[in-house]
Number of protein chains: 2
Amino acid sequence: MPSVDLTSPKIHGRMANAIRALSMDAVEQAKSGHPGLPMGAADMATVLFSRFLKIDPANPTWADRDRFVLSAGHGSMLVYALNHLVGYKDMPMEEIRRFRQIGSKTPGHPEYGHTLGVETTTGPLGQGIATAVGMAMAEKMLAAEFGKKVVDHFTYVLASDGDLMEGISQEAIAMAGHWKLNKLIVLFDDNGISIDGPLSIADSVDQVKRFQAAGWRAERIDGHDAEAIAAAILRAQKSGKPSLIACKTIIGYGAPKKAGTSKAHGEPLGADELKAAKDKLGIDWPAFTVPADIAQAWAEVGKRGASARKDWEARFATLSPGKQSEFTRRMRHERSPKLAKAFTAHKKALIATPQNIATRKSSELAVEVIAGVMPEFLAGSADLTGSNNTKAKSAVAFSAKTPKGRYVHYGIREHGMAAAMNGIALHGGLAPNGATFMVFTDYCRPAIRLSALMGLGVVYVMTHDSIGLGEDGPTHQPVEHLAALRAIPGLRVFRPADSIEVAETWELALQRTDGPTILALTRQNLPQLRTDAKANRSAAGAYELIAAEGGKAQATLFATGSEVEIAVAARKLLADKGVRARVVSVPSLDLFLQQSAEDRAKVIGSAGVKVAIEAGIRQGWDAVIGADGLFVGMSSFGASAPYKELYKHFGITAEAAADAVLKALA
Amino acid sequence: MPSVDLTSPKIHGRMANAIRALSMDAVEQAKSGHPGLPMGAADMATVLFSRFLKIDPANPTWADRDRFVLSAGHGSMLVYALNHLVGYKDMPMEEIRRFRQIGSKTPGHPEYGHTLGVETTTGPLGQGIATAVGMAMAEKMLAAEFGKKVVDHFTYVLASDGDLMEGISQEAIAMAGHWKLNKLIVLFDDNGISIDGPLSIADSVDQVKRFQAAGWRAERIDGHDAEAIAAAILRAQKSGKPSLIACKTIIGYGAPKKAGTSKAHGEPLGADELKAAKDKLGIDWPAFTVPADIAQAWAEVGKRGASARKDWEARFATLSPGKQSEFTRRMRHERSPKLAKAFTAHKKALIATPQNIATRKSSELAVEVIAGVMPEFLAGSADLTGSNNTKAKSAVAFSAKTPKGRYVHYGIREHGMAAAMNGIALHGGLAPNGATFMVFTDYCRPAIRLSALMGLGVVYVMTHDSIGLGEDGPTHQPVEHLAALRAIPGLRVFRPADSIEVAETWELALQRTDGPTILALTRQNLPQLRTDAKANRSAAGAYELIAAEGGKAQATLFATGSEVEIAVAARKLLADKGVRARVVSVPSLDLFLQQSAEDRAKVIGSAGVKVAIEAGIRQGWDAVIGADGLFVGMSSFGASAPYKELYKHFGITAEAAADAVLKALA
């Protein structure tokens, strides 16, 4: 039994004030930050953490903990104050004092992997709530697979009106409502204030009605009434639907002049207002301190969590050892040795029976192989299943009624899909991959960036990767997308050239559990070029596919994906004219550029003429071919026509490449 | 009076069937395309076009025409069939036969500027409805300014469930509801089918309730009942709110086997099903023909439109000549000569009194100047007005009550803002610019791409353009964004270095009425470096800011924006060591790379050592400095700290640049 009655109004008030005090102090000291949200949301957070949230700060990654997502990441001091109070070991008062300073555990927005207890990186609005949908999906899927005694937790979100204005929130709530993710509970900090002024200058959406329209349970309460908050959370926990609790709050609660105004949002209160706020709130203890009684009350959270974790461990111990190690393996994102074996066999079969098919079809072959040996493999598509070729024959659709389903029909919600995959990867236990057309990476980009920033092993299967898409025309044809994606730090972009490279890059993508991968795949058929598959030649990003014949190479043809076939044909045309050329396949330009200078030089070679062939823009290729290198590719948007005509129209042909080489040699 | 009774059920049916027949025939002939939507939506479209839509096909750009947006752009044959039937001169039957072939007027998705009567390019779902919101905003604003006798038209949208699943649709409908854009009427083709199967596998949102929650008038009708459609449009026209008419339809209406299934969505029906569909629908005329009675009925649309246009011209003629020419100038996106004069005076004042301020503040100075002489200047921000510095002091917020307001609080809806700006630019009469943090260009990217693809003079004011943003940390710090934006064909990216370059690039952005521009601006203060302002030196993308002294340059320092200051300081450090270096300011790398090889060579110069300094990634710079050039910038995500510390931490300093040069020369 807790030694402190956390439901006593007095204790609740002091606990909440401890959050407010630390938030005000830290922002003031940093001379920047957002005091308004932590002050306004302190009551909600206090009730949630002190009475409900199942976490064990001493074991921050315990599998069945509740997940808490501060979608309104600018209110980061709320999390840091809570984490200090509940005793995460990386959050001593010293770190609160170092808010927003270099190397601190308290950056401007909460960063996953940087600070214990931060379940996802937030700040870009809308991402938190959409990522939380993925966490709740994973919980539902794993509970169905491993049983409720091992997986049975809530995902709580604290969201702001900014989160709900972002379009991605609609995609997320539609998914959550459709799948009846009843363990997802969103506390909406309904303070009616945005940066530009009262929310009413820009918004008049009735959020409760909107969430209800999406299949949610939704209600409005007073966000400063602890008992109302607690009662609403209890109702939400019992609901068969996801829940929105719209909590009417006052931003900057307690600040005499700034509370309830946008002045409280994103800047220090200033010394006078800070003092006045503390006076008004009854905060009579020094800055950066916590009175003993409050500290003791907050310590109860850890005690309750530790006890819950021990109970869980006892339940977990009743599983068979095999099941235990399987669950642990999956939660750690470790791959079964079966996977590598399956790929080896698959590649051997491809060598024995070459496949001259589109790389999206080669990918489908790989997916069949993977799905057979990797129960955590969770594929999906944003309503392009038949075009993305992402569904294994055996895969069943995930739904409210079939939570064991391992295929997700995300609907036409690319951004929501990407964010949900981040949440699934963060949750652990499942390896998410999702698909759409390559051009729509633009729609997912903010979430792809977060995959990279957080280092999540999400796989993006992006088909129809060039003008090779054909008749759908320029709105659907990627041109700048390879360059734009390669630009994202930490994101790996593969554009395999044939069935073997597809297998190799799928394997590399799945083995990469600390960062995201894009697979750019064709709509059009391609020949199988590779005749060997013993070593994973894609692993270094580029390799010599065909050497020059009859002497030192005079030209090197670099190409990716569907253009490797063109490079091979150009090499033949050149050979017919007595010119010696070699072909380098570049399944990943970004990975190749990360190799050592020596290794790169070896692959690039010393041939005087260098040509890159890619049905995209030149940007990025100068690093390989030099500023004076030759480039055969795109410099404008595409057009609508059958793809073979487009390749001719835009001059991406073996003839054009060969002619360029001949001209350079002349 | 029309010579044909278009409301007769028989005539309506035959008119709709003419659309269905052409759509089936064209898709069949192209061997690709989407017959399902045109067949299902033919009744809605026929009622809208034959009884309501105010267009004059002989004068496709008449200012006060109704706008029709096919948000579900994959149903392009609906538009092409309609455009053929109502008599747009670029849409003879020959073009219908050439559906999806190179150079035809009938590409896979409708393309603005390519085909008459296409008001906006659609295909990427959700964009059409959001762009239409911008059109309706422009209509409301201009009606308030020029009066209803000159501006008084509807904006109609035909949207699919895919459009409504996309997050951007929520941003759009929230804006439309908030501003009470009552002239916006959305016909929702509620066919319950998505590509992966019945919509119910991925969605269960009650769209009517959702739109109502956003302040819309919304109702459900039978989308094959012509009178119900007509009555609903009439009710919508009279409403004080934007209207959603959810029209229950059958995709592929008439196809005996495929109607009502996803099989009807995105592929030819096949010869047998096509024949059976025509039999069932009573289409007894040959492929690619239109019976005379149907042709005659459809011709009435043009007659009604021509008459409405003449009435409008008569009303327009009652305006004063000055008002007439002003309206015409603005609808044509021509700039007043006052603008150039104002910039000249502004730059002169800056030279006289240099401003050492952040470029976002320099931009604010420019905005004040522009707003004073350019009544069509329509600024806004996605809830970061005080940070983006986009609001002129005199500017009044646009709202339902103040439609003359020329400042838009877009709310936290970057994507919706960008798409709305496209719609405003497409409408004509206003010059939209909107702002957010540079990092959130990721959120707007699909709409920015469309600005570029359509060649619209939209200006994106993107502040906080690097790690110079400081404490907000990596989620808010652009690193890859300059490269990723430069990659988009036709988009111009400026990153000005001081107050003069800000003025120059603002002027270039506003004079560029055939393509979009990004202005990347700093949060941090910068010195005014330029001492001259007679020529617009930013116009060529790059120029020598400071020459080497004392002989031929040994090194060239290229830099953009906030890093030009660093380049200047590095030059000084080098001079102290006896090394001669010149500084080239590169306000636009993409524009510079479009200059002639000769002009580029002149600016790049022949100094042996080349260094680029930019607080972003290297990608793209090799084209200037060569693959062996030196780069001082970022290669990872940023961090949370005061910005001066971050520049040191990431090694973007004058010392680092000077050291790199010295090392290269050693």
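## Close-up views of a predicted model

View 1. Residues are numbered from 1 along each chain as its sequence is written, chains are lettered from A and ligands numbered from 1 in the order in which they are written, and side-chain values use heavy atoms, without hydrogens and water. Ser466(A) sits in the loop of chain A that runs between strand S11 (459-463) and helix H18 (481-486) (DSSP runs numbered from the N terminus: helices H or I of at least four residues, strands E of at least two). Its side chain forms a polar contact of 3.4 Å with the side chain of Tyr647(A) (N or O atoms within 3.5 Å; within protein, one able to donate a hydrogen and the other to accept it, and residues adjacent in sequence counting only if both atoms are side-chain atoms). Neighbours within four places in sequence aside, Ser466(A) is in contact with Gln477(A), Pro478(A), Arg495(A), Gln524(A), Ala615(A) and Tyr647(A) (heavy atoms within 4.5 Å).

**View 2. Asp161(A), Asn191(A) and Ile193(A), listed by UniProt under "binding site" in an unreviewed entry.** UniProt positions follow the numbering used here, with shortened feature names, and such annotations may be inferred rather than shown by experiment. Although these three residues span 33 residues in sequence, no two of their C-alpha atoms are more than 8.1 Å apart, so they gather at one spot. Asp161(A) belongs to helix H6 (residues 161-165) of chain A, Asn191(A) to the loop between strand S3 (184-190) and strand S4 (193-194), and Ile193(A) to strand S4. Asp161(A) is buried with a relative accessible area of 5%, as are Ile193(A) at 11% and Asn191(A) at 12%. With neighbours within four places in sequence left out, Asp161(A) is in contact with residues including Asn191(A), Ile193(A), Phe188(A) and Leu199(A).

View 3. His74(A) lies in the loop that links strand S1 (67-70) and helix H3 (76-86) of chain A, and is buried, its relative accessible area being 10%. Apart from neighbours within four places in sequence, its contacts are His34(A), Leu37(A), Gly108(A), His109(A), Leu125(A), Ser160(A) and His265(A).

**View 4. Domain 1 and domain 2 of chain A, whose C-alpha centres lie 33 Å apart.** Chain A is divided into domain 1 (9-311), domain 2 (338-527) and domain 3 (540-665), with bounds from an automatic or database domain assignment. In the contact between the pair shown, domain 1 supplies 27 residues and domain 2 supplies 33 residues. Together they bury about 2500 Å², with 72% of this on carbon and sulfur atoms (accessible area, 1.4 Å probe, lost on being put together and summed over both parts).

**View 5. Ser23(B) in helix H1 (residues 9-30) of chain B.** Ser23(B) is buried, at 0% relative accessibility, and a polar atom of its side chain lies 2.8 Å from the backbone oxygen of Ile19(B). Beyond residues within four places in sequence, Ser23(B) contacts Pro38(B), Met77(B), Leu78(B) and Ala81(B).

**View 6. Chain A and chain B as superposed copies.** Chain B is brought onto chain A by a rotation of 180° with 0.0 Å of shift along the axis, at an RMSD of 0.0 Å (least squares on C-alpha atoms of residues with pLDDT of at least 70 in both). This is the relation of a two-fold axis. Of the interface residues of chain B, 100% are also interface residues in chain A, so the copies meet through the same surface.

Terms used:
Predicted model: local features only at pLDDT ≥ 70, side-chain atom pairs only at ≥ 80, totals over all residues. Buried < 20%, exposed > 50% of the residue type's maximum accessible area, 1.4 Å probe, protein only. Buried area = accessible area lost by both parts, 1.4 Å probe.
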